[in-house]
Amino acid sequence: IRNSTVKGEYLAWYSNGLTLENCKIIGTQPFCYCTNLKLIHCEMIDCDLAFEKSEVEATVTTPIASIKNPKSGIIQVPAVGEIIRDDPQSQGQVIICSRHSCKISI
């Protein structure tokens, strides 16, 4: 999916092989339980509890309210309100990059 606005609760749960590029994503608890998920230069508006138990490679251009237990992969974001890690199987990395530096949260 390219250059689109996608809005909804529980967006794309259990999807496999989904790629979004230059999209605006709006809604609560997006992209949970996904495999082979890619987000390329996407905005995430009003998104919380994102990426739970997902295999994801994401470059997000806006802050995310919260990210919960990404299973694997890398999520790059300019800011995140909360990173929830209450599952020992959660191995995904969150990289917070501002203009001046990047910080990795494992």
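Visitor: Is Ile26 buried or exposed, and what is its relative accessibility?

Guide: This is a predicted model, in which local features need pLDDT of at least 70 and side-chain atom pairs count only at pLDDT 80 or more, while totals for chains, interfaces and linings use all residues. Residues are numbered from 1 along each chain as its sequence is written, and side-chain values use heavy atoms, with hydrogens and water left out. Buried means under 20% relative accessible area, exposed over 50%, and partly exposed in between (1.4 Å probe, protein chains only). Ile26 therefore counts as buried, at a relative accessibility of 18%.

Visitor: In which strand is Ile26 placed, and which residues does Ile26 touch?

Guide: Strands are DSSP runs of E with at least two residues, helices are runs of H or I with at least four, and both are numbered from the N terminus. By that rule Ile26 is placed in strand β3, residues 24-26. Contact means heavy atoms within 4.5 Å. Not counting residues up to four places away in sequence, Ile26 touches Thr5, Val6, Lys7, Gly8, Ile45 and Cys47.

Visitor: What separates the C-alpha atoms of Ile26 and Ile75?

Guide: Along the chain, Ile26 and Ile75 are 49 residues apart.

Visitor: How many helices and how many strands does the chain have?

Guide: Read along the sequence, the pattern is β-β-β-β-β-β-β-β-β-β. The count is accordingly zero helices and ten strands.

Visitor: How many residues of β6 are buried, and which residue is the bridge partner of Ser66?

Guide: Strand β6, residues 64-68, is mostly covered, with four of its five residues buried. β6 runs parallel to strand β8 (residues 80-84), and four bridges join them. The partner of Ser66 in β8 is Glu82.

Visitor: Where does Ser54 lie, and what is its relative accessible area?

Guide: Ser54 lies in the loop between β4 (37-45) and β5 (55-60). Leaving aside neighbours within four places in sequence, Ser54 is in contact with Phe31, Cys32, Tyr33, Cys34, Asn69, Pro70, Lys71 and Ser72. Ser54 is classed as buried because its relative accessible area is 0%.

Visitor: Which residues does Trp13 touch, and how far apart are the C-alpha atoms of Trp13 and Pro30?

Guide: Trp13 is in the loop between β1 and β2, and counts as partly exposed at 28% relative accessibility. Beyond four places in sequence, Trp13 touches Gln29, Phe31, Cys32 and Tyr33. Pro30 is 17 residues from Trp13 along the chain, and their C-alpha atoms are separated by 7.0 Å.

Visitor: What is the phi of Tyr14, and what is that of Asn36?

Guide: Tyr14, in the loop between β1 (5-7) and β2 (19-21), counts as exposed at 58% relative accessibility. Asn36, in the loop between β3 and β4, counts as partly exposed at 48%. Neither is a glycine, yet phi is positive in both: about 65° for Tyr14 and near 55° for Asn36.

Visitor: What radius of gyration does the chain have, and why does it agree with a compact globule?

Guide: The radius of gyration is taken over C-alpha atoms, and the globule rule is 2.2 Å times the number of residues to the power 0.38. With 106 residues, the rule gives a value near 13 Å, so the chain agrees at 12 Å.

Visitor: What percentage of the 106 residues is buried?

Guide: The C-alpha trace spans about 30 × 30 × 20 Å along its principal axes. Of the 106 residues in the chain, the buried share is 41%.

How values were computed:
Two strands pair if DSSP finds at least two bridges between them.
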